[in-house]
Amino acid sequence: DLIGFVGSTGRSQAPHLHYEIFKDEDKINPINFYYGHLSPAEYDEILEQSQLENQSLD
């Protein structure tokens with residue numbers, strides 16, 4: 001199954017992945033599926049940044 005596209009669009013400086021997550025035909029914010037070694041404060045910060053328009057999280 002195709003799960004995403006990699007490309008360089010707009011003013012981007014490098015290729016990056018564009019993807020969406022759907023469950024029962026509803027869009028879900030992909031940041032809700034991030035896990036790793038983040039502290040709760042770091043997770044809250046990245047969640048806040050993810051709400052900004054045109055924000056890159058790399």
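I took helices (H or I, at least four residues) and strands (E, at least two) as DSSP runs, numbered from the N terminus. I worked on a predicted model, in which local features need pLDDT of at least 70, side-chain atom pairs count only at pLDDT 80 or more, and totals for chains, interfaces and linings use all residues. Residues are numbered from 1 along each chain as its sequence is written, and side-chain values use heavy atoms, with hydrogens and water left out.

**Entry 1: the fold as a whole**

I looked up the elements and found 4 strands and 1 helix in the chain. Read from the N terminus, their order is β-β-β-β-α.

I then turned to burial, where buried means under 20% relative accessible area, exposed over 50%, and partly exposed in between (1.4 Å probe, protein chains only). Of the 58 residues in the chain, 5% are buried.

For contacts (heavy atoms within 4.5 Å), I considered those with a separation of 6 or more: residues 24 or more positions apart account for 3% of them.

Accessible areas come from the Shrake-Rupley method with a 1.4 Å probe; for residues, only the protein chains shown count as cover.

Which residues did I find with a positive phi? Asp24, not a glycine, has a phi near 50 degrees, and Glu25, also not a glycine, has a positive phi of about 70 degrees. I noted for reference that most residues other than glycine have a negative phi.

Asp24 lies in the loop between strand S3 (21–23) and strand S4 (26–28). Glu25 is placed in the loop between S3 and S4.

Is Asp24 buried or exposed? Asp24 counts as exposed because its relative accessibility is 66%. Glu25 likewise counts as exposed, at 75% relative accessibility.

**Entry 2: the salt bridge**

I searched for salt bridges (a side-chain nitrogen of Lys or Arg within 4 Å of a carboxyl oxygen of Asp or Glu) and found 1 in the structure. Lys27 pairs with Glu20, and their closest N and O atoms are 3.3 Å apart. Both partners, Lys27 and Glu20, are exposed.

**Entry 3: a nonpolar patch**

Patches are made of residues with over 30% relative accessible area and no salt bridge; like charges are joined within 9 Å, nonpolar side chains (Val, Leu, Ile, Met, Phe, Trp, Tyr) within 5 Å. I recorded a nonpolar surface patch of about 320 Å², made by Val6, Leu17 and Tyr19.

Tyr19 sits in the loop between strand S2 (16–18) and S3. With a relative accessible area of 43%, Tyr19 is partly exposed.
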